[in-house]
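Here is a short tour of one predicted model. Keep the sequence and the 3D view side by side as you read.

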Amino acid sequence: MDKYRLVIGLEVHAELKTLSKAFCSCKNEVGAIPNTLVCPVCLGLPGASPSINKRAIELTMMAGLALGANIAEEIVFERKNYFYPDLPKGYQICQLRHPIATGGVVEIAGGKRIRLNRIHLEENAGKLLHTGDGRIYVDFNRSGAPILEIVSEPDFSSSKEVVEFISTLRNILMFSGVSDCRMETGGYRFDINLSVQRTDSAELGTRIEMKNLTSFKDVEMAIDYEFQRHIEILEAGVEVSQETRGWDAEKMQTYSVRRKESENDYRHFPDTDLPTITISKEDISRVASELPESYAKRREKYFALGLTKYDVDLLMQNKYLADYFDRVNALTNEPKETANWILTEILALAKNVVDMDYDYIISSSDLALIINMLGKSQISRTNAKEVLLQVVETGKKAKFIVRELGLWGDVDNEDIEEIINALLSENPGIKADYLNSPEVVSNHIIGEVISRTNGKARAEKILEVLANIMG
Amino acid sequence: MENNLITVAEIERLAEMSALNFSDEDKERLIGEVGGIISMLDECGKIKTESKGMSRKVPLSALREDEFSVGLTSERVFVNAPSRDGDYFVVPEVNNGL
Amino acid sequence: MDFKFLSVLDIVDGIKTKKFSCVELTKYYLSQIEKYKDKNAVLEVFDDALERAYAVDSLVESGADLPELVGVPILIKDNIFYKGKISSSASKMLEHYVAQYSSTVVKRLLKAGVVILGRTNMDEFAMGGSCENSAFGPCKNAHNDAKVSGGSSGGSAVAVALDMCAFALGSDTGGSIRQPASYNGVVGIKPTYARVSRYGLVPFAGSLDTCGVFTRDAKDSAYIVSLIAGRDEKDSSSSDMPVDDYLACISGSIKGKKIAIVKEVQELVAQSEYKDVFKKVIAFCQEHGAIMSEVSIPEYKSVLPVYYTIAPAEATSNMNKFDGVRFGECADGETAEEINVNSRSKYLGREVKRRIMLGNFVLSSKFYNAYYQKAKDVAALIKSKFVEVLEKNDLIFMPTTFGEAFDIGAKTSDPVSMYIEDMFTVTANIIGVPAMSIPISKGRLGLPLGLQILAKHFNEKEIYNMADYLMEKGGEF
C-alpha cells in the first residue's frame with residue numbers, strides 16, 4: 001500500500017454558447033479586434049446597469065440537467081470583490097450562496113462516480129497580453145462573457161482520474177450544446193485544489209490551489225509534480241504551507257504565488273443591481289425538452305450499432321465528429337464501415353483536428369456515395385480512396401470524379417437520363433428524327449450512352465429511360 | 001469612541017482590501033473613526049430578527065433575450081483612458097500574476 | 001422683465017406665449033450664478049448654454065410644436081451624466097472625466113426642451129450630508145455663509161434657493177435631496193426607488209440610489225417628475241408601473257387623508273425647534289379634515305446602523321472600478337497594483353476612503369453575518385413595519401432634519417455626529433418609498449426647517465397633493 005494519498009477537487013470553467021454577453025448586449029465572440037465588443041457595462045464605466053441574459057441562465061440549467069444536478073428555485077448573483085487589470089468593475093458577478101444548480105455526478109472510466117458540488121454562472125474577465133517588457137495590453141472583448149463554473153467534490157485520487165473527468169465533462173458539455181469548450185483560446189480551463197495525506201492517518205493534508213490551467217497535459221503534469229513535491233516535504237518532516245501555486249509549463253514546475261488580502265477574502269455579497277430570479281417547474285421542463293440527446297445515450301446508441309469501444313471513444317471525442325458520423329451513416333446504414341472511413345481517412349485528412357465541420361473536407365452525402373459504391377462492390381477499395389482524395393483535392397462532386405476516372409459501375413436511370421438530356425441539347429434535331437424513325441435514333445443513342453459510360457450502361461435500361469423522356 | 005475590533009492590524013487589512021495607502025498618522029485617526037462608526041453599527045445586532053433580508057424577485061421569463069447589439073465606438077472606449085496603445089488599454093505589469 | 005423666482009410652469013407659459021425669450025431668461029440665471037459664485041454651488045457653467053437657449057428661441061419662432069419643458073434652464077448634480085460634458089462627482093478622481101453617454105433623466109429632460117446650464121457641487125461621490133466633502137470646496141448655505149448647504153446635493157439645493165436655475169436635478173441615497181432641501185428652504189423629492197431610471201447616475205449604493213429634483217414649489221416638482229419617471233430598458237431595475245399625472249392629482253383638499261406620525265421619531269425631536277412646528281402642522285391638518293394618528297416603531301433607531309452598513313458595503317464595491325486603467329486620474333506607479341493603490345489614495349477624499357474601509361469591514365467574511373446580513377434582516381423588519389403603517393395610512397410626517405443647518409466644519413472631525421444627521425431621511429431609502437421635504441418653518445436663527453412627507457410605494461401623488469396644500473394654504477408654521 002502506498003504511504004501517501006492524493007485528494008483533489010476541481011473547479012472547471014467553460015465558456016457558454018450565447019450570442020450576447022451575460023450582463024449586457026455586447027456580442028459574445030472570440031477573435032474580434034480588441035476592445036470593439038464593449039459597452040459601458042462590460043467596460044465597468046460608472047452609471048451603467050447590468051441586465052441578465054436569459055439564455056445564459058438556461059444554458060447553465062441545461063448543463064445542470066445533463067449532469068443530473070438539482071436546479072434551484074431561486075438564484076442570486078453576487079459580487080466577488082478583488083482588483084486585477086482584467087477585471088473592469090473591480091468585482092466579478094458570480095454566484096456563491098444561491099447557485100443555479102447543486103449536486104450532480106460524472107461517471108469516469110472504471111465506473112468511478114465523481115460527485116459535483118455545484119454548477120453556476122459567472123462572468124469572464126478581459127484578456128491580458130503580457131508584452132514581456134513590463135507592460136500589459138488589456139482587451140475587454142471577453143469581459144462579461146458568460147462562463148459556467150462546475151465545482152466537484154474532492155473525489156479524485158490521481159491525475160489520471162482528473163484528466164478522464166475533464167475529458168468526459170467536456171464531451172457532456174459539448175454534446176448538450178452548452179459550450180464549445182475551446183481549449184486553444186482558454187474557453188475550457190481548470191482550478192485544482194490538492195492535498196496529500198498519509199494513508200495511515202485520517203488527518204487531512206494542507207491544501208494548495210492551482211489556478212487557470214488550460215490543457216489536459218498541464219493538469220496531469222502539475223498534479224503529478226505537486227504530489228511529488230508534497231511527498232518530499234512530508235518525508236522531510238516539514239509542514240506544507242497553504243498557498244496558491246502557479247504552473248510554469250516551460251519549466252514544467254509549480255511556483256508559489258503571493259496572494260493579497262483582497263484575494264483571501266473576496267467579500268461576496270448579493271449584487272443589488274440584479275434581482276433574485278425565480279425558476280418555475282415549467283421553466284425546468286422547457287429547458288429539459290430542449291436538451292439534445294445526452295452524451296451517455298449517444299454512446300449506448302453507437303454500441304447498439306455494433307461499433308467498438310475504440311470507435312465510440314474516438315467518435316465521441318467531439319460533437320462535430322459524432323454529428324458528421326450520424327449524417328453519413330443515415331445515408332449508408334453501414335455503421336462500422338462509415339466509422340472506419342471517418343476515423344481513419346477523414347481524421348487523417350483533417351490532420352486530426354477535432355473542432356471542425358467535416359463537411360468542409362468532403363460532404364456527408366459524397367462520403368456516403370463512396371461508401372455505398374464500395375458496399376455494392378461497384379468500385380474497389382483502392383479506387384474508393386482515390387475518389388476521396390480527388391474530391392478533397394479538386395472540390396468536384398464525387399459522382400463526377402467517379403465518372404471521370406471511368407469507374408462508373410452500374411449506371412442508374414438518373415445517370416442515363418442526364419446523358420440523354422445532354423445529347424438532346426447538343427443536337428436538338430434528334431427529337432424530330434426520333435418521331436420519324438425511332439429505332440434508328442434509339443440505336444444511335446444507345447451507342448452514345450454506352451460509349452459515354454464506358455460500356456457500363458445496359459441497352460434495355462437506356463431504352464426505358466429514352467421512352468420516358470420522349471413521352 | 002474606540003472599538004476593540006478595530007486595531008492597527010485590522011485597519012491595515014482593510015486598507016489592503018480597499019487598495020488604499022495610509023500614513024501611520026492616518027491609521028491612528030482611522031482606528032478612532034472607523035471604530036466609532038462600528039460601535040454605532042453594533043446597535044443592529046441587538047434587534048431580534050426572524051425573516052431574512054430579501055431582494056426584488058423576477059421570473060426567468062422576464063429576463064433579457066439573447067440578442068446582441070453594437071457597443072461603444074472605439075473613440076468613446078478610449079476617450080477617458082489614462083494609457084492606450086492602438087486597440088489596447090495599457091498598464092504596467094502586475095507584481096505577481098497568475 | 002422681472003424673472004425672480006419664476007416657477008417652472010410660469011416659465012413654460014412665458015416662453016410658449018413669447019412673454020420673454022429663453023435667451024433673456026438664461027442670461028438672468030447665468031447672472032445669478034455669477035452673483036452667488038462664492039456659495040460654490042455651481043462647479044461649471046457649460047459653454048453651450050446660451051447657444052442652446054438661442055436654439056430654443058428659434059424653435060419658438062418657427063411655430064413648431066413645443067415640448068413640455070421648452071426653454072426651462074436647469075442645473076444638474078455633478079454625478080448625472082450629460083454626454084460630452086465633464087461629470088466629476090465632485091472628485092479629483094473624475095476631475096476630467098467626460099461622460100460618454102447621457103443619463104436617461106437628462107435625455108428625457110432634453111427631449112422635453114430644457115437648457116442645461118451646468119453642474120452643481122456635491123459631496124464627493126454623494127457620500128456626505130453637508131457638501132463639505134467636495135474635492136472642489138464646500139458649498140455654503142443659501143441663507144448663511146457660515147452654515148453648510150447640506151448634502152450630498154448641496155449645490156443643487158442652493159442653486160434653486162438662490163434662483164440660479166428653474167429647477168435642479170439631484171440624487172438621494174440616504175437623504176441627499178431632502179436634507180439640503182430642508183436646510184435651504186426648497187422642495188426636494190426622492191421618488192419611489194426604481195420610479196426614475198438610474199442609468200447614467202454614478203452609483204453610490206444601487207439598492208438605495210434614486211434620482212430626484214429640487215424645485216421651489218410642489219406643482220413644479222409634480223410636473224417634472226411625471227416627465228422623468230417610468231420604465232427605462234437601460235436600467236433593468238426600473239419599474240414598469242404606469243406613471244401618474246402628478247399635477248392633475250393635486251386636488252386642493254386633504255379631507256379624510258390619514259396621516260401617521262412615528263412616536264419614536266417625535267421623541268427624538270422633543271427638545272428641538274421642531275416640537276412646536278409639528279404641533280402647529282398637526283393642528284392645521286386636523287382642522288382641514290385630515291385624520292392624524294401616532295404609531296410606534298420601537299426599532300426605529302436602528303435605521304441609522306442599517307443604513308451605514310448597507311450603503312458603505314455597496315459603495316465599497318462600486319468604488320472598485322476606479323483603478324486607473326480605463327478612465328479616471330492615474331497616479332505614478334511601477335506596477336499595476338501600485339498605480340491602483342496610488343491613484344485611489346491620491347485622488348479619493350477622506351470620507352470616501354472611510355466608507356470604503358467601512359464597507360470592506362462589514363463585508364469581510366468574518367463579520368458578514370454579524371453586520372451586513374444582520375443589517376439586511378433588520379432592514380426587512382423595519383420595512384415590514386413601515387409597510388404596515390402605510391397600509392392603514394396615506395402619509396407619514398417626519399422632520400427632515402434635527403434642526404437648522406449646522407456650522408461649516410462643526411462635524412467634520414466626528415463622522416458619527418455627522419451620520420446622526422441622517423436619522424430621519426435614511427428611512428425612506430431603506431424601505432424604498434417616496435419622500436419629500438418641503439419648507440415648513442424657520443428655526444431659531446431664521447434658517448429653514450423642512451417637513452418630510454412619506455407615502456406608499458409609487459404613491460407620489462399623495463405627497464404632491466399634501467405638499468401643495470400645506471405650502472399654498474398653510475404657509476409658514
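## A buried arginine

Arg198(C) sits in the loop between strand 5 (187–190) and strand 6 (210–215) of chain C. Helices (H or I, at least four residues) and strands (E, at least two) are DSSP runs, numbered from the N terminus. This is a predicted model: local features need pLDDT of at least 70, side-chain atom pairs count only at pLDDT 80 or more, and totals for chains, interfaces and linings use all residues. Residues are numbered from 1 along each chain as its sequence is written, chains are lettered from A and ligands numbered from 1 in the order in which they are written, and side-chain values use heavy atoms, with hydrogens and water left out.

Is Arg198(C) buried or exposed? Arg198(C) is buried, because its relative accessible area is 10%. Buried means under 20% relative accessible area, exposed over 50%, and partly exposed in between (1.4 Å probe, protein chains only). The side chain of Arg198(C) makes a polar contact with the side chain of Tyr193(C), at 3.1 Å. A polar contact is a pair of N or O atoms within 3.5 Å; within protein, one must be able to donate a hydrogen and the other to accept it, and residues adjacent in sequence count only if both atoms are side-chain atoms. Not counting residues up to four places away in sequence, Arg198(C) touches residues including Gly47(A), Asp273(A) and Asp235(C). Contact means heavy atoms within 4.5 Å.

Strand 13 (residues 208–213) of chain A is mostly covered, with five of its six residues buried. Strand 12 (residues 188–198) of chain A pairs with strand 13 of chain A in the antiparallel sense, over four bridges. Two strands pair if DSSP finds at least two bridges between them. Met210(A), in strand 13, is the bridge partner of Ile192(A).

Strand 13 of chain A is also joined to strand 14 (residues 243–248) of chain A by three bridges, and these two run parallel. Here Glu209(A) stands opposite Thr244(A) of strand 14.

Which residues of helix 6 (residues 295–304) of chain A are buried? They are Tyr295(A), Arg298(A), Arg299(A) and Tyr302(A). Seen down the axis of helix 6 of chain A, the buried residues fall within an arc of 100 degrees, so they line one face of the helix. The arc is that of the directions from the helix axis to the C-beta atoms. An α-helix has 3.6 residues a turn, so residues three or four places apart point the same way.

The face turned away from the buried side carries the exposed residues Lys297(A), Glu300(A) and Ala304(A). What covers the buried residues of helix 6 includes helix 2, helix 7 (309–315) and helix 8 (319–332) of chain A. Glu161(A) lies in that helix 2 (residues 159–175). Glu161(A) counts as buried because its relative accessibility is 15%.

An open sheet of three strands has the order 3(A)-17(A)-1(B), with mixed pairing. Strand 3 (74–75) of chain A and strand 1 (57–59) of chain B stand at the edges, each with a single partner strand, so one side of each is left without a neighbour in the sheet. Strand 17 (residues 276–278) of chain A runs parallel to strand 1 of chain B, joined by three bridges. Ile277(A) stands opposite Val58(B) there.

An open sheet of four strands has the order 9(A)-10(A)-3(B)-2(B), with antiparallel pairing. In strand 3 of chain B, Tyr88(B) is the bridge partner of Asp85(B).

Most residues other than glycine have a negative phi, and most peptide bonds are trans. The peptide bond from Gly151(C) to Ser152(C) is cis, with omega near 5 degrees. Asn333(A) is not a glycine, and its phi is positive, near 55 degrees. Asn333(A) counts as exposed because its relative accessibility is 61%. Phe5(C), also not a glycine, has a positive phi of about 50 degrees. Phe5(C) counts as partly exposed, at 48% relative accessibility.
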